[in-house]
Amino acid sequence: MTSTLPSDIDLPARYALAQRVAQQAAERGLAYYLGREDLDIEHKAGDRRDVVSAADRALEDFIRAELQAAFPEDGFLGEESGSTDLQARCLWVVDPIDGTACFVNGLHNWCVSVGMLLDGEPHIGAIADPNHQELFHGMLGLGAFVNDQPLCVSPATHVREGLLGVGTFYARGTEHFIPFLTQLLAEGGMFLRNGSGALMTAYVAAGRLLGYYETLLKSWDCVAGLVLVAEAGGRSNDFLRGDGLLQGNPYLVACPGVYQQVAEMIGPMLDQD
C-alpha cells in the first residue's frame, strides 16, 4: 500500500520511536511483572475492579519522557498522567500497561500500547507484548506487522467460523452485553475475553480473532490498535466521534466478512454517544 506522507511531519521517525519506546517500556514492565509481589496496588476511585500499580505510573513516565524528548512539540494523552497539548497536530495516546488486572494477578494478558493521532486520525500504533515476545506495529499507508510478519484479518464470513473478543467494564452500556452474547451464541459464535483491549484489537488485525466488541472502551486502549486493524484490512466503527478521545465510546473492530453481522447484533447503541 502506498501513501503520501505530509512533508512537514516526520512520521517515519515517529513510527520508529513508537516501536522502540513500546518495546523498551514492555521490557521494563516485564521486570515489574516478575517482581509483582512487591508492587503497591491501588484502586481507582474506590472501584475494586479498576487497579493501578506503581509500574503503570513508572512506565508512563518513561514513555512520556522519551516521546517529549524526541518531539517536544507533540501532544500527549496517557491513562495515568492525563494530557498536554491536545490540540497538537501529533498527539500520542498511551496506555503503559493495558491489562493491569491481569498483570497484578500473574496472567500474561497485558501489553504496552503506544498510538499516535495526526490531525485527529490514528496514524501510528505499537503494541508490545513481552510475555509472548511480540511487537504489533503499523503506520497508516505502510502496513501492519507482528515483529516482521505482515498482518491480515480473518477471511471468515460468519461468526461461527472463529472466536470473537468481547468485553464490558464501565457501567455505561453494560445492559447491552448479555443480549448481545445471547444473539452471538444463537448464531453459533464463540467468545473470548482476555483482559486487554489493545491485545484483542491486535489479535483482530492478526486474524486470530474475527472481531472485538466492547460496550465502552477508552482511547488509550485502542488508538494504536485501530491503525493495525485498518492496515490489516479490517473495519471499525467511528470510535473517536463526539468526545470519544477523552470519554470513550462503544467499540467494534472486525474482519469485513463478519463486521455487519456483529454490528447488527449490537444494535443502535454501537453508534450512540
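How do the axes of H5 and H6 cross, and within what distance do they come? I took up this question first, working on a predicted model.

**Entry 1. The H5 and H6 pair.** I found that the two axes come within 8 Å and cross at roughly 5 degrees. Angles under 35 degrees count as roughly parallel, and H5 and H6 are therefore roughly parallel to each other. I then listed the residues that make the contact: Thr201, Ala202, Val204 and Ala205 from H5, with Gly225, Leu226, Leu228 and Val229 from H6. Sorted by class, this contact holds 6 nonpolar residues, 2 polar ones and no charged ones.

**Entry 2. The open sheet.** I traced an open sheet of 8 strands, with mixed pairing, in the order S4-S3-S5-S6-S7-S8-S9-S10. Strand S4 (82–84) and strand S10 (149–150) are at the edges with a single partner strand each, so one side of each has no neighbour in the sheet. Within the sheet I looked at S6 (residues 111–118) and S7 (residues 121–129), which run antiparallel and are joined by 7 bridges. In this pair, Val114 stands opposite Ala126 of S7.

I next noted which helices pack on the sheet. Helix H2 (residues 54–70) touches S3, S4, S5 and S6, and its direction makes about 155 degrees with that of S5. H5 also packs on the sheet, where it touches S5, S6, S7 and S8. The direction of H5 makes about 105 degrees with that of S7.

**Entry 3. Strand S15.** Is S15 enclosed or left open by the rest of the structure? I recorded that 6 of its 6 residues are buried, so S15 is largely enclosed. I then looked up its partners. S13 pairs with S15 in the antiparallel sense over 5 bridges, and Leu217 has Asn249 of S15 as its bridge partner. Strand S14 (residues 235–236) also runs antiparallel to S15, through 2 bridges, and Ser236 stands opposite Val253 of S15.

**Entry 4. The nonpolar cores.** I identified a largest nonpolar core of 47 residues, in which Ile127, Phe136, Phe180 and Leu252 have the most contacts. Among the elements that give two or more residues to this core are strand S11 (163–167), helix H4 (177–186), helix H6 (223–231) and helix H8 (256–266). H5 gives the most, with 7 residues. I also noted another core lying apart, of 26 residues, including Ala26, Cys90, Trp92 and Val94.

Beyond four places in sequence, its contacts include Tyr212, Tyr213, Ser236, Tyr259, Val262 and Ile266.

Methods
Residues are numbered from 1 along each chain as its sequence is written. This is a predicted model: local features need pLDDT of at least 70, side-chain atom pairs count only at pLDDT 80 or more; totals for chains, interfaces and linings use all residues. Side-chain values use heavy atoms; hydrogens and water are left out. A nonpolar core is a set of buried Ala, Val, Leu, Ile, Met, Phe, Trp, Tyr and Cys residues joined through side-chain atoms within 4.5 Å. Buried means under 20% relative accessible area, exposed over 50%, partly exposed in between (1.4 Å probe, protein chains only). Helices (H or I, at least four residues) and strands (E, at least two) are DSSP runs, numbered from the N terminus. Contact means heavy atoms within 4.5 Å. Axes are lines fitted to C-alpha atoms, for helices over the stretch in contact, and angles run from 0 to 180 degrees between N-to-C directions. Angles under 35 degrees count as roughly parallel, over 145 as roughly antiparallel, 65 to 115 as roughly perpendicular and the rest as oblique. Ala, Val, Leu, Ile, Met, Phe, Trp, Tyr, Cys and Pro count as nonpolar, Asp, Glu, Lys and Arg as charged, and the others, Gly among them, as polar. Two strands pair if DSSP finds at least two bridges between them.
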